[in-house]
Amino acid sequence: MKTNPEKAGAGVIGLSFRLNGKPVQLTVPPVIRAVDLIRNELGQTGTKISCGIGRCGACSVLINGKLSVSCLTLAYQLEGASVETVEGLSDQNGVHPIQEAFLEEGGFQCGYCTPGMVMAAKCLLESNPKPSEAAIQEAFSGNLCRCTGYGGIIRSVQRACSS
Amino acid sequence: MKKKIRPDGKEKVTGRLKYLTDLTFPEMLWAKVLRSAYPHARILSLSTEKARQLPGVQAVITHEDVPALNGFGIVTPDQPVLCKDTVRYVGDAVAAVAAESVEIAARALELIEVHYEPLPVVDSPEKALAKSAPLLHPGGNILHRAGFQRGDIQTAFSRCVNVVEETYEVPRQLHAYMETEGGVIVPEKDGTLTVYVGTQHGFKDRFQLSRILGMPEEEIRIISSPMGGSFGGKDELNIQPYGALLALATGRPVKIHQTRQESMRSSIKRHPMSITMKTGVDQNGRLLAHQTTITADTGAYATLGPAILDFAVEHACGPYMIEAVDTKGVSVFTNNGVSGEFRGFGGNQITFALEGQMDRLAAAIGIDALELRRLNIRREQDPGPLGQRIVQTNGALEVLESAAQVYRDKKQQMPKASEWKRTGIGMAVTMHGGGLGFGRMDPAGGRLSLKENGKVEIAFGFEEAGQGILAVIEAVATEELGCRKEDLSIVIGDTALVPSSGSTTASRGTSMVWHSLQRLKGSFIKQVLARAVQKTGAEESVLSIGPGGVWKNGKCALSFESLAAGEEPIVVSTQFDFPVSPDAIDSAHYLYTYSGVVAQTEVDLLTGRIKVTGLHQSTAAGPVVNEMGYRGQIEGGGVMALGYTLMEDVVMTEGQYATENFDSYLVPGIQDVPFDLELEAIETLPPGDHYGPRGVGEIGTVAVAPAIANAIYDAIGFRVSRLPVKPEAVLQSMERGVLYENQS
């Protein structure tokens, strides 16, 4: 949905932040959800929406390096921030080693939770390159997957940190 | 073996894949559906005037705007698209709005004025079956009865030395696909309609929409793939009719993407059932008599309720040979949420009960539960559960023996109980029919072409919901034809481009892809080689299809591009039916898969919390087509069933949902699962078997609950009869004194 300027009394603000390293400037109501801003205003649909209440992690992005649910983040909170979404991990030249590990180990099926899982993995491995099982459990405790039973995701993370 | 990366993998891990709910179109509107405020009520009046006046609203529709049949349902269209005078559950649609933004659409819903006269709420099968119950449908409150009898049950019971009887209660389970229902419906310039909405059977959606809209099927195109999960839940229509009606009303593309709460309210769920089983054995441990009554809460509308009950009835004695069987089932309308298709299809409920009986009986007669199963399990030549001839394999015994070995090994290595924790191990086995069963239209088919551009196109009317059908098609096609994956173009999920293959359900996709290739490859290879003979002058006997084209003397002699250039495409099609038993027994299955599950649990005596610490599944389903896909189905199915066993329950109170999202409806997270899920694929088939790989989409979910339940008994002596097993139930069981005092 493009932002509706007649939205009941919301007004708009100028907002600037970095998305996957590139500066973004736009005018939006300050209280739209970051996930809607990313998906609808900026057309970056890799970030998904599933529960809308911060319980499933499908909308996970990194905000200033911290794993965050973008469904509970409001647009104004992005001001000046550095936001990283799944689109930032790969380019024409290839995929990120974490994504490669997900491919090799079957860390996804329907793929709808996968962008969030990949971001959670990146957040974990950047701070803890050799995570224990407990650390993996903790790192993914906010991300639900209904397809894999987590086996493939665990193997993906273990492969990513061994490679 | 190098693991094969899925054809859709790269797009998924990079986030580049466009799901149908990610699509946008120019001039697109957003829509929302107004659902009933009451689980049962008469609609006294309905006014949309104020909503229509809200700036930004482009259309509001009610029952008056449905041009043809105001009803849907895969078998019986008894669910109103938009209710006129009566609502039967809180997911019933009353009106729908298309507006310039989703916020305006939401505001407009609040402005629609509906006056209801609440009616008595029938919120359980017991109430629905009472003489005084209000009738929810013109035919009454019974959707379907099913049964099966063999032998003289009373005489058989009289010969039993031991009989156990138990009533098992199983909950309403949410599919919880991560992508909720949605997509975009686009009115095309030529008056046709393109529906970009996930489903498990595009042609069926086309048929259903055709009779709602009064449009010819050919004018409706369904693009139904990819999906962010389905598990049976998106087979029935969901938001398609509203999007279609609004798109036609406004002449603009209309997007609907349900919120999780909207999805919970309107989606189908797994049938809650109450199952009473009475089972008896003779002094040698032979099962003599097995009596089952099933009561299923099917909710407000039919959808696939009858078939699911039939399936449960068929599988009531599972893989065991029992002299006398008496099974009766009834599926009952209530004002609860609609129950329908869900991975396992009634098998999960009945298997939980049956395998609970086996452990209870073994304990009652003092023999090992494994031995009791071995004594009674079907052998290769035995008829199927309804007495029908089935495809002969020794799968039942093979999974039992595999699970038995695992059980023995794990039992020896069981971690010792600590002061406040007890550990246990349990097992269960099952068999599960694939395909829709005897007497049901179950067509399949596919098409193989050498296109003008040199691509080997393989097309099926299947959908990719995450299960990995694309990887299956790629694996089977490259193996059967001898070409490379790069040579292929796989086409699925678009009624404009694909042949009818039947539904992407009932563990039939893998099987039907393999069967199709067996039928297609001979003629295709022959035609390709004939053209190669024409172009090269070589003898056909020295040519074969290989990577990149036609090969001769160990190298590629002619690429597919050269073969195709300037020529008509080579097209080979096939249409056939899913194989069924030669015995005309309604709904009986023919191809079965088998599963043996060993579960280990740890029970916390202070909190009552149960942790599954190990889950091993042995599966007999013929050859593995794609190792990663197979493992994913078994592991993922197992964890979905773990949730069913320990945590998942869509709670309804007087017809209203008490659980509306993932804060109160809990599905397993990474902390709830064993880190090392294990499986063994038993691939052997008898010599001469020509049915190939069987599907494994469901089998991994079927026998997990009873294995965990039996492991809980092993840990603390608590016989589980109700799912999910909540910590409260564990603590209460200990207050009743069931705990073993001296567990070794």
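**View 1. Sequence separation of contacts and overall dimensions of chain B.** Among contacts in chain B between residues at least 6 apart in sequence, 80% join residues at least 24 apart; two residues are in contact if their C-beta atoms, placed from the backbone, lie within 7 Å. This is a predicted model, in which local features need pLDDT of at least 70, side-chain atom pairs count only at pLDDT 80 or more, and totals for chains, interfaces and linings use all residues. Residues are numbered from 1 along each chain as its sequence is written, while chains are lettered from A and ligands numbered from 1 in the order in which they are written. Along the principal axes, the C-alpha atoms of chain B fill a box of roughly 80 × 75 × 50 Å.

**View 2. An open three-stranded sheet in chain B.** The strand order is 4-2-6, with antiparallel pairing. Strands (E, at least two residues) and helices (H or I, at least four) are DSSP runs, numbered from the N terminus, and two strands pair if DSSP finds at least two bridges between them. Strand 4 (86-87) and strand 6 (113-118) of chain B are the edge strands, each pairing on one side only. Six bridges join strand 2 (residues 41-47) of chain B to strand 6 of chain B; Ser45(B) has His115(B) in strand 6 as its bridge partner.

**View 3. The side of chain B that touches chain A.** Here 53 residues of chain B are in contact with 44 residues of chain A. Helix 1 (9-13), helix 3 (102-111) and helix 16 (627-646) of chain B each give two or more residues to this side. Helix 16 of chain B supplies the largest share, eight residues.
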